[in-house]
Amino acid sequence: MTARILVADDDPKHAQLIRLYLEREGHQVLTVGDGRAALDQARARRPDLIVLDVMMPLVDGLDVCRILRAESNVAILLVTARSSENDMLLGLDIGADDYLAKPVSPRELTARVRALLRRAGAGDAATSVLRVGPIEVDAGRFEVRVEGQPVSLTAKEFGILELLAREPGRVFTRGEIIDKTFGFEQEVSGRTVDAHVVNLRRKIEKNPAEPRYVQTVYGRGYRLADR
């Protein structure tokens, strides 16, 4: 699938390497070198996906991610030299869809981009709308409505909700969610899944502390209430 991708990285050589590999995949790629330009171009060009370096001048990549996530559901892949689990969870908590540590393997980068675009539905034909109680999940349009009101989700949050909605009432383990939602081989922990679920609940539950829809089955995993 062809997509519009924005690469924001203050290292010109690194940005051009990423651009080269993504263009070989058939994507349209624009590169910028600072966080302010990333914000401007994301708003002007409306890309399908952003590859976002964390350490950038003018506006930090984490701030760029936080600002853009409040404005849209564009898929965001953070790239950074910070590789601890806490750094990764911070990135996910502010709305990133995935996190890749430097040095970046071009093959892994392109695989993750493909997976994120699949989850975001870029270029996909419309599919049936899943309805579970007051929740509607339109995979073709990448839209979610709760009690008729639209809800903006990240690609990973959407993927988890779509998975649960396809078999309401069924308990999915964290391992199953990783296998079916992340779409490629990587080191993903149960805490990563939990972080996405917390963010999902904040957006679709009236009281996230006492979730009505996305329920925890202790010792097993998660399910979507079927009534």
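**Helices, burial and contacts: reading the terms**

Me: α1 passes α5 in a right-handed crossing. What makes a crossing right-handed or left-handed?

Reply: A crossing is right-handed if the near helix is turned clockwise from the far one by less than a right angle, and left-handed if the turn is anticlockwise. The model is a predicted one, in which local features need pLDDT of at least 70 and side-chain atom pairs pLDDT 80 or more, while totals for chains, interfaces and linings use all residues. Residues are numbered from 1 along each chain as its sequence is written, and side-chain values use heavy atoms, leaving out hydrogens and water.

Me: How is the secondary structure of the protein chain made up, and what counts as a helix or a strand?

Reply: The chain has eight helices and twelve strands. Both are DSSP runs numbered from the N terminus: a helix is H or I over at least four residues, and a strand is E over at least two.

Me: Why is α1 called oblique to α5?

Reply: The axes of α1 (residues 12-24) and α5 (residues 106-120) come within 10 Å and cross at roughly 55 degrees. That angle makes α1 oblique to α5. The classes are roughly parallel under 35 degrees, roughly antiparallel over 145, roughly perpendicular from 65 to 115, and oblique for the rest. Axes are lines fitted to C-alpha atoms, for helices over the stretch in contact, and angles between N-to-C directions run from 0 to 180 degrees.

Me: Which residues of α1 and α5 meet?

Reply: L17, I18, Y21 and L22 of α1 are in contact (heavy atoms within 4.5 Å) with P106, L109, T110 and V113 of α5.

Me: How do you know whether α2 and α3 are parallel or perpendicular?

Reply: Their axes come within 10 Å and cross at roughly 15 degrees. By that angle, α2 is roughly parallel to α3. The residues in contact are G35, A38, L39, A42 and R43 of α2 and V64, I67, L68 and E71 of α3.

Me: What makes α6 and α8 perpendicular?

Reply: α6 (residues 155-166) and α8 (residues 190-204) pack at about 85 degrees with their axes 9 Å apart, and they are therefore roughly perpendicular to each other. K156, E157, I160 and L161 of α6 meet H196, N199, L200, K203 and I204 of α8.

Me: Which residues of α2 are buried, and how do you know that they lie on the same side?

Reply: In α2 (residues 35-45), the buried residues are G35, A38, L39 and A42. They cover an arc of only 100 degrees around the axis, which places them on the same side of α2; the arc is that of the directions from the helix axis to the C-beta atoms. An α-helix has 3.6 residues a turn, so residues three or four places apart point the same way. On the other side of α2, A44 and R45 are exposed. The buried residues pack against β1 (4-8), β2 (28-32), β3 (49-53) and α3 (61-71).

Me: Why is E162 called buried?

Reply: E162 lies in α6, and its relative accessible area is 9%. Buried means under 20%, exposed over 50% and partly exposed in between, with a 1.4 Å probe and protein chains only; E162 is therefore buried. Of the 227 residues of the protein chain, 49% count as buried.

Me: What makes the pair of E162 and R166 a polar contact?

Reply: Their side chains lie 2.7 Å apart. A polar contact is a pair of N or O atoms within 3.5 Å; within protein, one must be able to donate a hydrogen and the other to accept it, and residues adjacent in sequence count only if both atoms are side-chain atoms. The pair of E162 and R166 therefore counts as a polar contact. At the N-terminal end of α2, a side-chain oxygen of D34 lies 3.0 Å from the backbone nitrogen of R36, and D34 caps the helix there.

Me: Are R46 and L58 buried or exposed?

Reply: R46, in the loop between α2 and β3, has a relative accessible area of 63% and is exposed. L58, in the loop between β3 and α3, counts as exposed at 58%. Neither is a glycine, yet phi is near 50 degrees in R46 and about 75 degrees in L58.

Me: Why is L90 called partly exposed?

Reply: L90, in α4 (residues 85-93), has a relative accessible area of 39%, and is therefore partly exposed. Its C-alpha atom is separated by 9.3 Å from that of A195, 105 residues apart along the chain.
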